[in-house]
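Here is a friendly briefing to read alongside the model. Keep the viewer open and follow the topics one by one.

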Amino acid sequence: MSTALDDWLDHLAYADFPEQLRRRGDVVAFDHPYASELNALLDPNGQIAAAAVFEIDGVPAVCLIEGDPHVTAAATYQALQQRVWSQGLISVVLVLGDDAVRALPAVPGVAAGQLLLKQQAGAASLYSAHAVQSPEFLAAHEDWFASSRRVDHDLIANLKIAVERLAPDVGTVIDAQYLMAQVLFVSYLEHRGLVDTRYRTVHQVGALHDLVEHRHGVGLDALFRRLKIDFNGDFLTPRSEDAWKKLSPASFKTVFHFLERTNLASGQGSLWRYDFRFIPVELLSSVYESFIGTMAKDLGAFYTPRHLARLAVEEALDPLPDAPVVFDGACGSGILLTTAFRRLLGRAEQQAQRRLSLGERAKLLKATIFGADVHESACRVTSFSLYLALLEDLVPTDIAEILDEQHDKLPHLAGENIFWDKHHGDIFHPQHPIATGVVPRPTVLISNPPWQEPAGMDKPLYEKYLDSSAERAELRQIAVAFVERLTSLAAPGARMSLILPASIFVKPTYQSFVARWFENVRVRRLFNLADMRSLLFKAKHAAVVIRADVPTTGEASSRPMLFEYLTPKADVSLAYRRMVVHGSDRRWLSQRRVQHDPFILQPLYWGSEVELGVLVEMRERGTIQTQIARKRFVSTKGFHMKDGTKEADIAPLKAIPFLDAKTYAWSSVALQDDELRPFSLTQAASIGDPQVYQGARVVYPDGLTPVRRIRAAFSDAPFSFTNSMACVRDLEDDEDTMRFLAAYLCSDLAAYWALLTAPTAVLERTQIKKAEVDRLPFWLWQDAQDPRRAKTIVERVATWSKNALRSPGTPRGALLPAEIETLIHDYFGLDARMRRVVADVANDVLPYVQPTALGSMPNGLQTAPSETQLQAYAQTLVGELDRYRALSGGEGQFNARVRTWTAGETGYGIVSATASSADTPTDAGAHVVDTSINQILATLREHHLLEAHREGHGVSTDLFVRAGDTIVFAKPLIRRLWLTSAALDDAFRLLEYVQGTYGRFAKG
């Protein structure tokens, strides 16, 4: 390692992170999740020969090379960028020169970064180790991280078009998929050198690219027949004889342009080709998305992102079990099975301290990896992915040694490890290989099952299975049935790691499933990934990853069964394909508590235990549903336009105006006359409930505003509306009450309650269901603790509503002026801390929930808190600690202060909370604590212990230090970690820490 490079690493603070820094010539341990990729990057004799690689939470993110940063010509570093791009991991390439440094993007067609002179470089400067992990860097280089420029996106897009164009020529879509997958596989063999010039000479076959370019169909058929003989494996078996010989010139052209990486949609050529030496195995598994194409919605199948796959596999294989039998009952592209096999292979090679031979790898694969799927094409891609994993990192110094060994060939997987026919591929079929004993009962189950409901009245096999087992599929959701079937097939003591719809664990309709399943498993960990739903799946579904164990026979525990509930939020880490869990995102919950009331998972996603308590108290006092049960209110939706073949007499609807949800502008909490139109529909399936088309009522559509406010409005005019709108009607026609209810539903407080209680508003589209509104806290003024005061508030709000129009300067899409928001808070008796919580949510949380693109993530929730915000946090923390002291009958007082400890641009806030008697200064000894905590932080930073990482996610720890009557803890300077809600949570955790319960919880 050169002195100049060491100097740069010191200058830019990369040397401050020794655990994250890999240097040229380092040999990364076999069991590192990215060992193959890192060793390829750092090999001094390799194609990239990086000077160093900087990891972010275990993911190779920054590649440092020695070169001339003054040269900006694309050709100079094009080959390097192409290889790094093909790898699909590195996001930034730093070119280090004698006197300057420049950053290059690892994606094509994007301009290089600016030149940074050495005298300007430092720990807090551009391109430093701190800078590349900051929101500011992502904001300044948003196009460097665009998913549309990544190799997987590019590859998938081109594959989809290629398959569509080839299908009419080769027979079926499956035939076209199979042909293109073979093209990928042979490209990999050739690029890796497993099929090289010597091989082609000995066996008298041509090179794939040349044969395709010259449309030599006979030569291509000969190549595939030869590869089938030498490499064996189901995947190389031709689907039809002379398939390539029969290919049309147009199809040859499509395949050729694919190999050239021409954009098949636009016809635009590219200087960068795919380099399959560097494309990771799991990334190639993503071709499944191209295979299912437009069928994805019907199949309920969604491509599993690589980092999500790693999280699920890490949960299942940590710690690594002995002699595991891994099974995925809906294997799709095989990304979960391939990720698991690579992990098992890494462990085996680490134990052997050498590369295993192809034969040894095949033996390991055959003994440990099993999968099934109802779709043949999916299983063939799974086989393809596993074959690539078998060949990965084998050095083809003498290819004959591999090929001449009769047993060292690709093993048969079809019908032995991977199953797909209708009897064996469907997990619910009685002849499933696990049910019949063909495959041993699995000890590790990893799966991302389909998320779907069957269309129409058809009864699929999984519903018949549940009928036979006296169970029911809630909402006909296949994922629910899948989980129960997997559990029944698992071996005693088996581990399960499943990617499931988040709605299963928070919607009331699934409560019976949660209660039933939790009775049969031991839950270990639950990740709620709803905030990043738009960034994980194209279909934008909210997911959870749950780790649970199947108890052994007779297993019982005298201790409460606790599991870790983790709620990571979308942040800049996702730009590097990783996710970080902060201390504030971790809770320990009783499995029995959740089993009986899954509702608590939703409010604890963004809220604290304190807020959950307030919410429960409020709902016990009353909800809109309470008034419905009392027959005071009616809550319903409008008429149905279509419902099968039904058709109603629409004369009653024609007699009154119509409110069209599609054009509803929501300009006021009181419906404006110009919103109403004559009824112009020609038919309807029903007319709905006529009593909600008149009288004092509140109407609101399903859709929320962009910042998640309910679009409610009062009216007493006659009009109809469709079932995309809902209505709350007061049967006593109390205009003031309904005007107040409309204002309340539009308020920050109702938006806050919806964040905590409405799954649709947070987990799915930006909308709210009628049932969710009905469950919001609400009571009539007559039922308030101070009815006179409550009635006055209702009257004041109603008076304002009668003339209320939306004011031009109202911030963030809100509708109500501050004085009306305050009156609503008064009506519901919110104390000062809860008012601050609601304000935080309205101003700092709701505008940024569930970002839709990486570029929108450097936002208000990720910026550093201001000094005023830090002090507000401290005041709330003290107030909450004083409240706990008063509740327990204690004496004395608390004091808290917040200071900052910063290294480069990655800062930490330090909180000192001191308890003292009335006659003792609360800051006694604080300077000693300050010195100690700074030393501890510096030491932990030096050894990279402030953040720990696992294969699937990073954990940013909150550090607790106790010195006498003072407890000090530190956490990153990120706004969302210093909200009022966080102060309430931290006070609760401090109490647990002092009482010792937090430590017991942490042990699970």
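The buried residues of helix H33 are covered by elements that include helix H28 (735-746), helix H29 (748-757), helix H32 (787-802) and helix H34 (832-845). This is a predicted model, in which local features need pLDDT of at least 70 and side-chain atom pairs count only at pLDDT 80 or more, while totals for chains, interfaces and linings use all residues. Residues are numbered from 1 along each chain as its sequence is written, and side-chain values use heavy atoms, with hydrogens and water left out.

- Helix H33 spans residues 818-827, and its buried residues are Ile 820, Glu 821, Leu 823, Ile 824, His 825 and Tyr 827. Buried here means under 20% relative accessible area, exposed means over 50%, and partly exposed lies in between (1.4 Å probe, protein chains only).
- Helices (H or I, at least four residues) and strands (E, at least two) are DSSP runs, numbered from the N terminus.
- After H33 comes Gly 829, which has a positive phi, near 70°.
- Two of the covering helices, H28 and H32, have axes that come within 8 Å and cross at roughly 80°. Axes are lines fitted to C-alpha atoms, for helices over the stretch in contact, and angles run from 0 to 180 degrees between N-to-C directions.
- H28 and H32 are therefore roughly perpendicular to each other. On this scale, angles under 35 degrees count as roughly parallel, over 145 as roughly antiparallel, 65 to 115 as roughly perpendicular and the rest as oblique.
- Residues of H28 that meet H32 include Glu 735, Arg 739 and Phe 740, and their partners in H32 include Ile 793, Val 797 and Trp 800. Contact means heavy atoms within 4.5 Å.

**Helices H10 and H5**

- In helix H10 (residues 249-259), the buried residues are Ser 251, Phe 252, Thr 254, Val 255, Phe 256, Phe 258 and Leu 259.
- Their cover includes H5, helix H6 (173-191), helix H8 (208-213) and helix H9 (217-231).
- H10 is followed by Arg 261, with a positive phi near 60°.
- Arg 261 is also a contact of Asp 154, along with Trp 85 and Tyr 274, once neighbours of Asp 154 within four places in sequence are left aside.
- Asp 154 sits in helix H5 (residues 151-170). Because its relative accessibility is 17%, Asp 154 counts as buried.

**The six-stranded sheet**

- An open sheet of 6 strands runs in the order S1-S2-S3-S4-S5-S6, and its pairing is mixed. Its edge strands, S1 (21-23) and S6 (116-117), each pair on one side only.
- Two strands pair if DSSP finds at least two bridges between them.
- Strand S2 (residues 52-56) pairs with strand S3 (residues 59-66) in the antiparallel sense, over 5 bridges. In this pair, Ile 56 stands opposite Val 59 of S3.
- Helix H2 (residues 35-42) packs on the sheet and touches S1, S2 and S3, with a direction at about 150° to that of S2.
- Helix H1 (residues 3-11) lies across S1, S3, strand S4 (92-96), strand S5 (100-105) and S6, and runs at about 175° to S1.

**The enclosed strand S22**

- Strand S22 (residues 725-730) has 6 of its 6 residues buried, so it is largely enclosed by the rest of the structure.
- Both faces of S22 are covered, with Met 725, Cys 727 and Arg 729 buried on one side and Ala 726, Val 728 and Asp 730 on the other.
- Cys 727 counts as buried because its relative accessibility is 0%.
- Strand S17 (residues 633-637) pairs with S22 in the antiparallel sense over 5 bridges, and Lys 637 stands opposite Ala 726.
- Strand S20 (residues 697-701) is joined to S22 by 5 bridges and also runs antiparallel to it, with Tyr 700 opposite Ala 726.

**Cysteines**

- How many disulfides are there? The count comes to 0, where a disulfide is a pair of cysteine sulfur atoms within 2.5 Å.
- Cys 379 is in no disulfide, and the nearest cysteine sulfur, that of Cys 331, is 4.0 Å away.
- Cys 379 counts as buried because its relative accessibility is 0%.

**The whole protein**

- The protein has 38 helices and 28 strands, and buried residues make up 59% of its 1004 residues.
- Among contacts between residues at least 6 apart in sequence, 74% join residues at least 24 apart.
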